[in-house]
Amino acid sequence: GLDDSLHTPAGEDVNVDHKTTKRFTWTLRNIPPIVAEPFQGAQLNFRPSMYFQLSGLKFDSYYGIPLDSTYEMNFLESWPDMARRLSEMFDEYVVLDDTLRNVVDSILATTESDLGKQIQQFCEFVRDEVTTTFEAGEYYFPSQTTAETLRRRAGTATDKNLLLVAILQTLKHDVNPLLIATRDHARFTTAILNDNQFNYMLCHMRVGSTDYFLDANSKDFPFPHLPPNLRADGGLVLTGERLHRFEYGANLTRTNDKPVDTLHIEHDAWKSGIRHDATLWLADDGSAICSSYVTISGYEQDIFSSDREATPDADVLKDLFGALKQKTFDIVEVTRNEPVNPDSVSYRIVLNISDFSTIGGGLLACQPSLLWSGENRLTNEKRQFPVDLYLPSFFSETLVLNLPGTYKTATLPSNISQITPDLLFSRAVLTDANSARVMTNVMFKRFFFHPGEYPVVRDFYKKVTSSVNESLTATEQ
């Protein structure tokens with residue numbers, strides 16, 4: 001924590017340009033160090049800093065040279081002032097000329113009358129027909145007018161999203177630039193009047209009671225999906241006349257008697273996850289043939305990249321199946337199947353795992369999971385920073401283990417049912433004489449947990465990872 005005495009300290013007299021003035025010194029004390037923790041998110045959220053905001057400045061000399069009169073400069077004092085200043089800057093770069101209107105008319109002429117389809121066509125036009133010259137949207141903010149971006153068919157991420165704003169404004173709906181802080185940059189707070197908080201610009205469009213949050217840069221995430229890093233929970237919608245502030249759980253606040261409106265943002269429900277069904281035939285030498293059917297859902301996952309049509313190799317499979325990182329295996333076959341949903345990919349995979357089981361003294365032992373490796377990264381007793389979990393948010397795995405003909409099941413992993421409002425972990429085990437079926441489900445219903453909630457998350461994570469170490473054993477008859 002900060003020292004309580006943050007009032008203006010006593011100043012000391014110093015001589016500047018042959019004039020006596022005051023020097024004030026503020027000191028931060030008792031600040032905890034920045035500690036790298038798993039799933040920490042952006043360190044900028046926790047870096048000890050002091051921010052000073054000047055309300056005004058008067059001066060009658062320049063580098064010691066007297067001026068004819070006293071000059072006065074007034075600085076921004078409120079977020080509405082900041083919004084108007086930024087809106088004026090962005091407006092200078094938006095050009096609604098005949099070239100842009102011709103592009104809009106040509107797209108509308110070949111698009112259905114459905115507004116949602118029209119928005120999608122405009123977003124895909126800017127995404128696919130205009131080259132991104134600089135991926136980050138940070139906050140060089142616009143580098144050229146929308147007319148120049150359209151003429152060159154190239155621009156920064158900010159230029160492209162501002163072009164999308166200009167195009168959609170021709171539809172006569174409420175469309176404005178939206179400044180955000182990406183998840184790896186910071187979390188927006190109105191406590192600090194500073195535009196350095198923002199490092200990316202999206203296009204915000206409101207149609208009736210529906211809000212669209214659009215990005216025309218990443219080809220890996222089809223309309224209307226946003227990459228995980230852009231799923232911010234706070235930012236500024238620049239309307240020129242007033243400032244919209246959206247933040248989860250935000251209350252209506254006022255600054256200088258000018259309203260700061262709350263705009264609640266609803267991201268798509270977290271649907272990303274992995275479903276895995278596998279049948280394994282275990283041999284008496286410790287090897288196993290594994291026939292798997294796996295479905296990866298959610299555009300946010302790594303498998304949905306520029307090479308998503310490629311066949312998964314050994315490195316991809318190790319990332320997908322954590323238990324394979326410590327195993328020796330050969331890929332016998334990988335076949336891509338028809339996806340279950342538009343935002344999913346499915347594979348049929350056949351593997352030969354040479355060291356799946358441990359055998360000795362007439363006893364066979366194996367771990368009843370492929371998705372989980374048993375590694376627990378949350379080991380600290382306490383935590384300074386929030387837990388920021390990334391996708392996928394659910395895992396579902398069913399393994400059917402067929403034992404060698406001379407072995408019979410001896411001990412089984414325990415059945416588990418642990419359910420909270422935000423976390424779910426269940427495992428059920430069924431068995432007969434020489435086979436077992438292990439069904440495991442893990443779900444994270446939230447992705448952000450505060451430090452005070454860390455013990456619950458840690459214990460949950462520990463339960464999941466340690467359960468992988470509960471072996472299934474069989475004895476030779």
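Reader: Is Arg 153 buried, partly exposed or exposed?

Author: In this predicted model, Arg 153 lies in the loop between helix 4 (146–152) and strand 6 (154–156). Its phi is near 55°, a positive value in a residue other than glycine. The relative accessibility of Arg 153 is 34%, so the residue counts as partly exposed.

Reader: Lys 172 also has a positive phi; is Lys 172 buried or exposed?

Author: Lys 172 is not a glycine, yet its phi is about 65°. The residue sits in the loop between helix 5 (157–169) and strand 7 (174–180). Exposed means over 50% relative accessible area. Lys 172 has 74% relative accessibility and therefore counts as exposed.

Reader: How are helix 2 and helix 3 oriented to each other?

Author: The axes of helix 2 (residues 98–109) and helix 3 (residues 115–129) come within 10 Å and cross at roughly 125°. The crossing is right-handed. Angles of 65 to 115 degrees would count as roughly perpendicular and those over 145 as roughly antiparallel. The two helices are therefore oblique.

Reader: How many residues of the contact of helix 2 with helix 3 are nonpolar, polar and charged?

Author: From helix 2, Val 103, Val 104, Ile 107 and Leu 108 take part, and they meet Gln 118, Gln 121, Phe 122 and Phe 125 of helix 3. The division is six nonpolar, two polar and no charged.

Reader: How many disulfides are there?

Author: A disulfide needs two cysteine sulfur atoms within 2.5 Å. By this rule the count is zero. For Cys 203, the nearest cysteine sulfur is that of Cys 123, 7.8 Å away. The number of disulfides is zero.

Terms used:
Residues numbered from 1 in each chain as written. Predicted model: local features only at pLDDT ≥ 70, side-chain atom pairs only at ≥ 80, totals over all residues. Heavy atoms only, no water. Axes fitted to C-alpha atoms, helices over the stretch in contact; angles between N-to-C directions. Helix = DSSP H or I, 4+ residues; strand = E, 2+ residues; numbered from the N terminus. Parallel < 35°, antiparallel > 145°, perpendicular 65-115°, else oblique. Left-handed = near helix turned anticlockwise from the far one by under 90°. Contact = heavy atoms within 4.5 Å. Nonpolar A, V, L, I, M, F, W, Y, C, P; charged D, E, K, R; others polar. Buried < 20%, exposed > 50% of the residue type's maximum accessible area, 1.4 Å probe, protein only.
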